[in-house]
Amino acid sequence: MAKSEKQEAIAKILKFFSRKRFSQEELKKTRKLAMKNKLKLSRLRQFYCQSCFSQLKGQTRIGKKERLLYKTVICRKCKHPNKFKI
Ligand SMILES: [Zn+2]
């Protein structure tokens with residue numbers, strides 16, 4: 001029972017992030033759903049701003065630190081630099 005609930009949550013979350021547009025309110029609901037089911041968004045985090053939770057669009061830069069490559073996306077709304085490992 002609990003397992004199918006979790007799978008349903010995963011399906012909902014993946015469907016949500018495959019959309020072209022989403023609002024902050026919808027994102028908050030989706031994050032709650034993930035937390036409730038103890039799901040990690042990991043790679044899906046790069047679709048939204050870590051600071052203002054809006055859809056992440058903006059300038060992308062690729063950087064290198066030691067041997068790690070990372071990507072920085074500057075949020076168009078709040079200018080927060082979002083860093084992701086790639
Ligand atoms: Zn932002």
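A note on conventions before I go on. Numbering starts at 1 in each chain and follows the sequence as written. I am working on a predicted model, where local features need pLDDT of at least 70 and side-chain atom pairs count only at pLDDT 80 or more, while totals for chains, interfaces and linings use all residues.

**Overall layout.** I counted up the secondary structure of the protein chain and got two helices and three strands. Here helices (H or I, at least four residues) and strands (E, at least two) are DSSP runs, numbered from the N terminus. Going along the sequence, I read the pattern as α-α-β-β-β. The C-alpha trace spans about 45 × 30 × 20 Å along its principal axes.

**The sheet.** In what order do the strands sit? I find an open sheet of three strands, ordered E1-E2-E3, with antiparallel pairing. From one strand to the next, the twist averages 30 degrees. For such angles, axes are lines fitted to C-alpha atoms (for helices, over the stretch in contact), and values run from 0 to 180 degrees between N-to-C directions. I take two strands as paired if DSSP finds at least two bridges between them.

**E1 with E2.** Six bridges join E1 to strand E2 (residues 68-74), and the two run antiparallel. Besides the opening pair, I noted lysine 65 opposite leucine 68 in E2. The hairpin of E1 and E2 has two residues between the strands, and glutamate 66 there takes a positive phi near 50 degrees. That is a positive value in a residue other than glycine. Is glutamate 66 buried or exposed? I have it as exposed, with 4 other C-beta atoms within 10 Å. The classes I use are buried for 20 or more other C-beta atoms within 10 Å of the residue's own, exposed for 12 or fewer, and partly exposed in between, with C-beta atoms placed from the backbone.

**E2 with E3.** Five bridges join E2 to E3, again running antiparallel. Tyrosine 70 stands opposite lysine 85 in E3. I also checked the hairpin of E2 and E3: six residues lie between the strands, and lysine 79 in the turn has a positive phi of about 65 degrees.

**Phenylalanine 53.** I went to the loop between helix H2 (24-36) and E1, where phenylalanine 53 is found. Its phi is near 60 degrees, a positive value in a residue other than glycine. Phenylalanine 53 has 17 C-beta neighbours inside 10 Å, so it counts as partly exposed.

**Threonine 30.** Next I looked into helix H2, which holds threonine 30. Threonine 30 counts as buried because it has 20 C-beta neighbours inside 10 Å. A contact here needs the C-beta atoms of two residues, placed from the backbone, to lie within 7 Å. I also checked alanine 11: threonine 30 is 19 residues from it in sequence and 11 Å away in space, C-alpha to C-alpha.

**Contacts over the chain.** Of the contacts with a separation of 6 or more, I put down 39% as coming from residues 24 or more positions apart.
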